[in-house]
Amino acid sequence: MAGNNPNAKPMNLTLKVWRQRNRNSEGKIVEYQVKDISPEMSFLEMLDVLNEDLLLKGDEPVAFDHDCREGICGSCDLFINGRAHGPEKGTTTCQLHMRKFSDGDTITIEPWRANAFPVNRDLSVDRSAFDRIIQAGGYISVNTGGVPDGNEIPIPKNIADKAFEAATCISCGACVAACKNASAMLFVSAKISQLALLPQGQVERKTRVENMVAQMDKEGFGACTNIGQCAAECPVGISLENIALMNREFISAKATSENLA
Amino acid sequence: MSWITKTFTSSIGRKVIVAITGLFLCTFLVVHLVGNLQLFKDDGGAAFNIYSHFMGTNPVIRTLEWVLVLGFGFHIYESYTLAVRNRAARKVGYVDSRPSENSPWYSRSMALLGTLILIFLIVHMYNFFYRARFGDLDPDINNNDDLYTLVVTSFKQWWYVLLYVGAQIALCYHLIHGFRSGFQTLGLNHRKYTPIIRVIGYIFAIVVCAGFASMPLYFYFFK
């Protein structure tokens with residue numbers, strides 16, 4: 001874990017970490033010192049070191065979400081020094097390396113903040129609101145049976161690329177965390193765009209946007225004010241074009257769907 | 001709830017109303033600015049007073065005046081509702097938050113800028129609109145109400161000039177964000193047109209606000 005670079009000088013850091021026992025308890029910032037941190041460690045490895053220290057001292061380790069540690073699962077939802085996933089652009093927390101910090105730095109680490117993302121414990125939040133939005137319409141109907149041939153349905157390259165770009169959303173929630181309004185519109189719009197652009201998504205096209213937006217509102221996320229904090233902090237670069245597309249989908253669905261409810 | 005109320009009380013529905021009314025109010029700014037340019041005509045205010053008489057009495061204008069009131073009303077009400085809802089969406093905030101690293105301040109301050117503009121609007125309406133419509137202005141040489149003299153004497157007071165120029169700065173930033181934001185909310189985002197809309201938004205905001213600000217400055221310094 002120490003890395004291979006002999007010139008990498010170990011760092012000593014002060015961490016200010018949000019500690020909260022459970023959903024209903026009061027939380028607070030607690031200060032810790034970590035020593036001999038290699039600049040080549042990822043941010044999560046640095047937290048592992050902190051937790052080892054805490055365990056040795058008989059303290060409770062800091063709870064934080066992580067899974068793949070290779071930037072694709074979207075679990076590592078940490079708000080670091082006032083930014084979602086920390087100061088580096090276009091990364092998840094696990095892909096943020098300690099070389100971005102300097103010896104003697106103080107680093108503040110907080111959980112995502114939004115009413116729709118209640119804190120489970122310490123830095124871990126409950127993002128099941130996203131799952132419920134997906135359940136409301138983020139799916140397509142397909143015929144069961146034989147596997148269709150590849151490229152059987154012709155899709156223009158640029159459309160396929162756009163849908164793919166939207167599909168790269170890893171549902172990490174950085175958009176909500178970074179947004180002044182705690183709005184989930186970048187996330188929801190990525191899912192809606194992905195399916196609205198492709199022929200497979202046409203069956204539920206209108207009900208999808210109506211139901212997903214309704215669920216998003218119900219979960220208590222704020223409304224977008226087109227600031228662009230979400231896209232600026234998105235680790236995979238989902239663009240604001242998707243939100244415009246979602247608005248278009250929503251307006252046309254509301255105007256033309258046969259849903260009177 | 002019927003589908004209509006559901007649509008217009010949803011987050012996107014409210015945003016759409018803010019966008020449509022906002023862009024409509026932009027067209028009002030153009031009309032207001034162009035009409036007021038007559039203040040610069042060196043005729044003792046005759047042309048400006050003819051214009052303001054027309055604006056205050058023409059039945060088409062008087063009808064559209066109500067459309068304008070509705071435009072303002074919906075824009076303010078829906079923005080307020082959204083701002084309250086957005087603020088409530090994060091009850092526990094961050095200890096350390098650095099939004100300036102990911103976004104411009106004015107984009108995050110639309111509610112504040114809007115409130116400043118609203119305060120200005122109330123003062124402005126009371127000063128000029130109320131007195132022109134319900135006050136007792138003296139007649140000018142053409143026997144029109146002499147709103148021109150009221151404007152000129154108002155703009156001779158420094159605090160008035162300060163209020164007006166300050167309000168235009170707030171309006172300018174509100175428009176820089178609001179203009180492009182309106183198109184985005186209506187779903188009008190396209191790689192061909194969005195960069196053009198951005199540029200037009202900047203030019204629109206600066207030209208309109210500089211135009212309005214030039215009036216008090218002109219009368220204060222050069223008349």
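# Briefing: a predicted model of chains A and B

Phe212(B) touches Leu33(B) and Gln168(B), leaving out residues up to four places away in sequence; touching, or being in contact, means that the C-beta atoms of two residues, placed from the backbone, lie within 7 Å. This is a predicted model: local features need pLDDT of at least 70, side-chain atom pairs count only at pLDDT 80 or more, and totals for chains, interfaces and linings use all residues. Residues are numbered from 1 along each chain as its sequence is written, while chains are lettered from A and ligands numbered from 1 in the order in which they are written.

- Phe212(B) sits in helix 9 (residues 194-222) of chain B. Helices (H or I, at least four residues) and strands (E, at least two) are DSSP runs, numbered from the N terminus.
- Is Phe212(B) buried, partly exposed or exposed? Phe212(B) is partly exposed, because 19 other C-beta atoms lie within 10 Å. A residue is buried if 20 or more other C-beta atoms lie within 10 Å of its own, exposed if 12 or fewer, and partly exposed in between, with C-beta atoms placed from the backbone.
- The C-alpha atoms of Phe212(B) and Val151(B) are 13 Å apart. Along the chain, these two are 61 residues apart.

**Chain A as a whole**

- Chain A holds 8 helices and 7 strands.
- Its C-alpha atoms fill a box of roughly 60 × 40 × 35 Å, taken along the principal axes.
- Of the 261 residues in chain A, 46% are buried.
- Take the contacts in chain A with a separation of 6 or more: 71% of them join residues 24 or more positions apart.

**Two domains in chain A**

- Chain A is divided into domain 1 (2-121) and domain 2 (128-256). These bounds come from an automatic or database domain assignment.
- The centres of the two domains, taken over C-alpha atoms, are separated by 30 Å.
- In chain A, 18 residues of domain 1 are in contact with 16 residues of domain 2.
- The side of domain 1 that touches domain 2 has 8 nonpolar, 7 polar and 3 charged residues. Here Ala, Val, Leu, Ile, Met, Phe, Trp, Tyr, Cys and Pro count as nonpolar, Asp, Glu, Lys and Arg as charged, and the others, Gly among them, as polar.

**Nonpolar cores**

- The largest nonpolar core has 76 residues. Such a core is a set of buried Ala, Val, Leu, Ile, Met, Phe, Trp, Tyr and Cys residues joined through C-beta atoms within 7 Å.
- Residues with the most contacts inside this core include Ala114(A), Cys175(A), Leu186(A) and Phe187(A).
- Helix 5 of chain A gives the most to this core, with 9 residues.

**Helix 5 of chain A**

- Helix 5 of chain A covers residues 185-197. From its first C-alpha to its last, this helix reaches 17 Å, close to the 18 Å expected at 1.5 Å a residue. The expected span is 1.5 Å times one less than the number of residues.
- Helix 5 of chain A is mostly covered, with 13 of its 13 residues buried.
- Leu186(A) is in contact with Cys175(A), Cys230(A) and Ile243(A), among others, leaving aside neighbours within four places in sequence.

**Strands 1 and 2 of chain A**

- Strand 1 (residues 11-19) and strand 2 of chain A pair in the antiparallel sense over 8 bridges. Two strands pair if DSSP finds at least two bridges between them.
- Met11(A) has Ile37(A) in strand 2 as its bridge partner.

**Where the chains meet**

- In chain B, 35 residues are in contact with 41 residues of chain A.
- Helix 2 of chain B gives the largest share of the side that touches chain A, 5 residues.
- That side of chain B has 12 nonpolar, 14 polar and 9 charged residues.

**Positive phi in two loops**

- Asn151(A) is not a glycine, yet its phi is positive, about 60 degrees. Asn151(A) lies in the loop between helix 2 (128-137) and helix 3 (157-167) of chain A.
- Asn151(A) counts as exposed, because it has 7 C-beta neighbours inside 10 Å.
- Ser171(A) also has a positive phi, near 55 degrees. Its place is in the loop between helix 3 and helix 4 (174-178) of chain A.
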